[in-house]
Amino acid sequence: MKKVEAIIRPETLPGVRQALEQVGVTGLTIVQVLGHGAQKGVTQQWKGNTYSVDLLPKVELKTVIPDEKLEAVLKAIEQSAKTGAVGDGKVFISSVEEVLRVRTGERGAAAV
Ligand SMILES: Nc1ncnc2c1ncn2[C@@H]1O[C@H](COP(=O)(O)OP(=O)(O)OP(=O)(O)O)[C@@H](O)[C@H]1O
Ligand SMILES: [Mg+2]
């Protein structure tokens, strides 16, 4: 199994959720986060002064999926989260050793 952690623009979340549903993702977790990438946030002008906003609001979407769904999930995220401007986000992928579905006691990919 793989854990996919996608840090995306909050406004893309509805489209990303729809795209993930279409490729069969059943469970996910959403966290509202603050972060920065290479640009270290942005600077904004207001009434002649420059302010630096060094952390921007993002959404972190986490889903654990069977290995064979990984490429379809990454494609779905890329297509639905991309605007082409800096700050579109980043996706981290890692391996998950085990899953337990509490209600049924199922383990592994059957439990995701
Ligand atoms: N190396 C990283 N580790 C952890 N979180 C990161 C990392 N890079 C980016 N993030 C998170 O992803 C969010 C979006 O990053 P962002 O898309 O700006 O990345 P970037 O590398 O600057 O790419 P771009 O040049 O397209 O903006 C950040 O606000 C931060 O929350
Ligand atoms: Mg950036």
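**Figure 1. V59 lies in strand 5.** The model shown here and in the other views is predicted. V59 is buried, because its relative accessible area of 6% falls under the 20% limit. Leaving aside neighbours within four places in sequence, V59 contacts A6, I7, I8, P10, L13, I30, V31 and V33. G35 is 24 residues away from V59 along the chain. The C-alpha atoms of V59 and G35 are separated by 9.6 Å.

**Figure 2. K58 is a buried residue without a salt bridge.** K58 is placed in strand 5, which covers residues 56-65. The nearest side chain of opposite charge belongs to D88, 7.0 Å away. K58 makes no salt bridge because that distance is beyond the 4 Å cut-off. A polar atom of the K58 side chain instead lies 2.8 Å from the backbone oxygen of G87. Beyond four places in sequence, the contacts of K58 are I7, I8, R9, P10, V31, Q32, V33 and G87.

**Figure 3. The largest pocket has a volume of about 430 Å³.** Its lining comprises 20 residues, and H36, G37, A38, K58 and G87 are the closest to the pocket centre. Three strands each supply at least two lining residues: strand 2 (29-35), strand 5 and strand 6 (89-95). K58 and G87, both in this lining, are also the pair joined by the 2.8 Å approach of a K58 side-chain atom to the G87 backbone oxygen.

**Figure 4. K47 has a positive phi although it is not a glycine.** The phi angle is about 50 degrees. K47 is found in the loop between strand 3 (42-46) and strand 4 (49-53). K47 counts as exposed because its relative accessible area, 69%, is over 50%.

**Figure 5. K3 and E5 meet in a salt bridge.** The N to O distance between their side chains is 3.8 Å. K3 is partly exposed, at 28% relative accessibility. E5 is buried, with a relative accessible area of 17%. A search of the whole structure finds four salt bridges.

**Figure 6. E98 pairs with R107, and R101 with E106.** Side chains of opposite charge can pair when their charged atoms come close. In the salt bridge between E98 and R107, the closest N and O atoms are 3.6 Å apart. E98 is partly exposed at 42% relative accessibility, whereas R107 is exposed at 52%. The salt bridge between R101 and E106 has an N to O distance of 2.9 Å. R101 is partly exposed, at 30%, and E106 is partly exposed, at 27%.

Definitions and conventions: Residues numbered from 1 in each chain as written. Chains lettered and ligands numbered in written order. Predicted model: local features only at pLDDT ≥ 70, side-chain atom pairs only at ≥ 80, totals over all residues. Heavy atoms only, no water. Helix = DSSP H or I, 4+ residues; strand = E, 2+ residues; numbered from the N terminus. Buried < 20%, exposed > 50% of the residue type's maximum accessible area, 1.4 Å probe, protein only. Lys, Arg positive; Asp, Glu negative; His and termini not counted. Polar contact = N/O pair within 3.5 Å; in protein donor to acceptor, adjacent residues only side chain to side chain. Contact = heavy atoms within 4.5 Å. 1 Å grid on protein atoms, 1.4 Å probe; cavity = no way out; pocket = protein on both sides within 12 Å on 5 of 7 lines; lining within 4 Å. Points joined across faces, edges and corners; volume = space filled by probe spheres on them.
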